[in-house]
Amino acid sequence: MELDFSHQAHFIVALAPEIILSVLGIVILLMGVSSRRPEGAETSADLGWISVLGILAAALANGWLYSVTEVGTHSMIALDGFALFSNWIILAGAALGILISQSYIDRQGLQAAEFYGLLIYSTVGLMIMAAARDLMVIFLGLEIMSVAVYVLAAINRRDRKSAEAGLKYFLLGAFSTGFFLYGIALVYGATGSTHVSAIAESIAGGTAHSALLVFGIALLAVGFSFKVSAVPFHMWTPDVYEGAPTPVTALMSVTVKAGAFLAFLRVFSVGFPDAYESWWAVLWWMAVLTMVVANLVATVQVSVKRMLAYSGIAHAGYLMVAIVAANETAAAGLLFYLLTYTLMNIGAFGIVILVSGQGEERLEIEEYAGFGWRQPVLGVVFTVSLLSLAGFPGTGGFMGKVFLLQGAIEANLVYLSAILVLTTVASYWYYLRVAWYMWMKDAPREASTQSIEVPIAMRLALVICVVLIVYLGVFPGASMELARSSVEGMSGVGPGLIGLAP
Amino acid sequence: MLVESLVVSGMIFVIGTLGVIVRRNAIVMFLCIELQLNAVNLTFVALSRYVGIEGQVFVFFVMTVAAAEAAVGLAIIISIFRHYETVDVDKFNLLKW
């Protein structure tokens, strides 16, 4: 099937996954207010399974879209391989996020319908953001996502920390949106368009106003860096990740970061390839700072949740390398890495949710002493996730880093690659420290020895995560091939620009 | 005219940015963020005269989004006021900021 957008129905076809999810969100909200049964464990489980089924339907639609081709690249929302692969990542993150949050919602007494509804809306926003070819559409997707996630971060009204995290996320998120929007306005003024291809043409043709353009690119970079939490715009991340309800933290560190990175990559490598000289050095330094600072600070954390927050910042640094490299190999590496990162981070946060008991207690690393021997299966799941986050051979995280390094080497970024490897080695310390506590230390006597009940949804999510992490680590070929073909012809950076790096 | 309007909107944007950084009252910080967004609107309108009519359309997008953000933001500020009886962000110290 070919889409040339001459007919109204073509738009509906192209946006099928997003439309399915939007309808699903409304249905979930209506079911929440109209259910006869009082809000409780059963309602929330029902709603959770319906949400997962709806996301599977959206995933089916996404798979079907592979048989559809669009004509040209002038549409505001792309239907290329990159957008479809991004949708896989975001939908996987959302489905796993719903599965791990079910038991948490019950024991915290949260409103299940609102939680799932907002989660689905944020997913829609992210999908629009990752597929958008127009800066204004990226802005709209970003805001659909942000407004939903502001509420999600503050959704536990009884918890002070959650309210505080919501306020901090809201203030800094809206602040960064201001920068992002001003960047759009200046780029629009400089090039006369907000469509990334038209921007690229205008820059290549030399008709863009250079001062306005450089300011605009800088402001866009600041806006994106806030969203992906790159140093020095990361200050909000540890606090918000620590204070928000754990499933929301998992979601923020996985799908939100993925969506921001995907839009970041598309704008910078499709829209601004001919202005590469003006932005690569700044992003190079930001990538280095992010990797070094986040990994150093993570080593001294005592709370596992906060440690995972810093680990999320460190991973943003690794992913920034792909943006600086700006070639197709690195773009494919970024897609692959985001996929594995989704799985391993959801796995790790799932265990944190299980261990933290009734509420948000028992997040300290000492609580994990002897955990592996008390609950061997959960211990193995957590260990696999941590090893993958650290980038241990045989796990998906390792292959992801290998592909990122390939892209960086191809772009001749030798120093950046060396720093990536060194900081990865340094990160082994704090990931393995948790594993060491789990397996090598005895539990303190007064610790509760009761075993943790693992609900069926959580079980399913953890099994999927571990199986896919190992699968992607041992047989990365097929997924990598898919990622490579997804970015084909997307990136505009020609070989002439590669090799500028020191 | 273009340069003057761009300078004015740039100044408003900087005032908004400084306000967010300097002021500690959550509502005033939010107000300054709105100031930033309005500076952007002014830029769009000023540019649209030379670039094309889309600029004015974007202003409507920004206004709509800002309204949605205001609704959510004020609700969050109310919810935190219930816990702390203040909107001074320096007093919210459970998390390290």
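Student: Is the crossing of helix 9 of chain A and helix 12 of chain A left-handed or right-handed?

Tutor: The model is a predicted one. In it, the axes of helix 9 (residues 210-228) and helix 12 (residues 276-298) of chain A come within 10 Å. The crossing of these two helices of chain A is right-handed.

Student: Are helix 9 of chain A and helix 12 of chain A roughly parallel or roughly antiparallel to each other?

Tutor: Their axes cross at roughly 25°. Angles under 35 degrees count as roughly parallel. Helix 9 and helix 12 of chain A are therefore roughly parallel.

Student: How many nonpolar, polar and charged residues has the contact of helix 9 of chain A with helix 12 of chain A?

Tutor: Helix 9 of chain A contributes Val214(A), Ile217(A), Ala221(A) and Ser225(A), which meet Ser278(A), Trp279(A), Val282(A), Leu283(A) and Met286(A) in helix 12 of chain A. By class, this contact has seven nonpolar, two polar and no charged residues.

Student: Which radius of gyration does chain A have, and why does it agree with a compact globule?

Tutor: Chain A has 20 helices and two strands, and its C-alpha atoms fill a box of roughly 70 × 55 × 40 Å along the principal axes. Because a compact globule with 502 residues would have a radius of gyration near 23 Å, the value for chain A agrees, at 22 Å.

Student: What percentage of the residues in chain A is buried?

Tutor: Among contacts in chain A between residues at least 6 apart in sequence, 81% join residues at least 24 apart. Of the 502 residues in chain A, the buried share is 63%.

Student: Which helix of chain A gives the most to the side that touches chain B?

Tutor: In the contact between the chains, 29 residues of chain A meet 33 residues of chain B. Two or more residues each come from helix 6 (135-153), helix 7 (160-191) and helix 10 (236-243) of chain A. By class, this side of chain A has 17 nonpolar, five polar and seven charged residues. The element that gives the most, with 17 residues, is helix 7.

Student: What radius of gyration does chain B have?

Tutor: Chain B comes to three helices and zero strands, in the pattern α-α-α along the sequence. Its C-alpha atoms fill a box of roughly 50 × 25 × 15 Å along the principal axes. A compact globule of 97 residues would have a radius of gyration near 13 Å, but that of chain B is 16 Å.

Student: What percentage of the residues of chain B counts as buried?

Tutor: Of the contacts in chain B with a separation of 6 or more, 45% involve residues 24 or more positions apart. Among the 97 residues of chain B, the share that counts as buried is 31%.

Terms used
Residues numbered from 1 in each chain as written. Chains lettered and ligands numbered in written order. Predicted model: local features only at pLDDT ≥ 70, side-chain atom pairs only at ≥ 80, totals over all residues. Axes fitted to C-alpha atoms, helices over the stretch in contact; angles between N-to-C directions. Helix = DSSP H or I, 4+ residues; strand = E, 2+ residues; numbered from the N terminus. Parallel < 35°, antiparallel > 145°, perpendicular 65-115°, else oblique. Left-handed = near helix turned anticlockwise from the far one by under 90°. Contact = placed C-beta atoms within 7 Å. Nonpolar A, V, L, I, M, F, W, Y, C, P; charged D, E, K, R; others polar. Rg over C-alpha atoms; globule rule 2.2 N^0.38 Å. Buried ≥ 20, exposed ≤ 12 C-beta atoms within 10 Å, placed from the backbone.
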